[in-house]
Structures are given as C-alpha cells and as structure tokens.
Amino acid sequence: MSKFKDVVVTLSKKHPQTAEPAQAGHTFVIGVLGKKTAFYEIATEQLNNLHDDDLQKALFNLLHPQTPHH
C-alpha cells in the first residue's frame, strides 16, 4: 500500500508536459508515485508556507485518490 511519504516531489517553473513557463509568481509542484505522475500549480508565496509533507499529501491525493468510506 502506498503512503504519501512515497511521493517524490519536484518543483519547477516550467509546465511538466508543455515546458511553458508558469505564470508570474507561480510554481509547478510535480509528484511521482511509482509510474504515475501528477502536478498542480501553486502561488510561490503559498509554497513558502508549506512543508514537504503538505506537498506530498496534496500530490498523493491526486496520484492515489481514495474512495470515500461510508
């Protein structure tokens, strides 16, 4: 079973698929879990307030969506 700590996080100023530059003041957060890759764009200012764990958890949710338990 994968855990959020298994996500490898990379920050980039370029879009991971198109290599276009991020909007001014934004950064792409790219996560890799096994063979899956996910990414999202975030304001660089917000990024400064987050820890690696926060980034790993957000990417893990994109890479490994949980089915809601009822």
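In this predicted model, the side chain of Q56 makes a polar contact with the backbone oxygen of V7 at 3.1 Å (N or O atoms within 3.5 Å; within protein, one atom must be able to donate a hydrogen and the other to accept it, and residues adjacent in sequence count only if both atoms are side-chain atoms). Q56 is part of helix 2, residues 52-63 (helices are DSSP runs of H or I with at least four residues, strands are runs of E with at least two, and both are numbered from the N terminus). With a relative accessible area of 10%, Q56 is buried (under 20%; exposed is over 50% and partly exposed lies in between, with a 1.4 Å probe and protein chains only). Apart from neighbours within four places in sequence, Q56 contacts F4, K5, V7 and V9 (heavy atoms within 4.5 Å).

One salt bridge is present in the structure (a side-chain nitrogen of Lys or Arg within 4 Å of a carboxyl oxygen of Asp or Glu). It joins the side chains of K5 and D53, at 2.7 Å from N to O. K5 belongs to the segment before strand 1 (8-12) and D53 to helix 2, 48 residues apart. D53 is partly exposed, at 30% relative accessibility.

Strand 2 (residues 26-33) pairs with strand 3 (residues 36-43) in the antiparallel sense, over eight bridges (pairing requires at least two DSSP bridges). H26 has A43 of strand 3 as its bridge partner. The two strands form a hairpin with two residues between them, and G34 in the turn has a positive phi of about 65°.

Residues are numbered from 1 along each chain as its sequence is written, and side-chain values use heavy atoms, without hydrogens and water. Local features of the predicted model need pLDDT of at least 70 and side-chain atom pairs count only at pLDDT 80 or more, whereas totals for chains, interfaces and linings use all residues.
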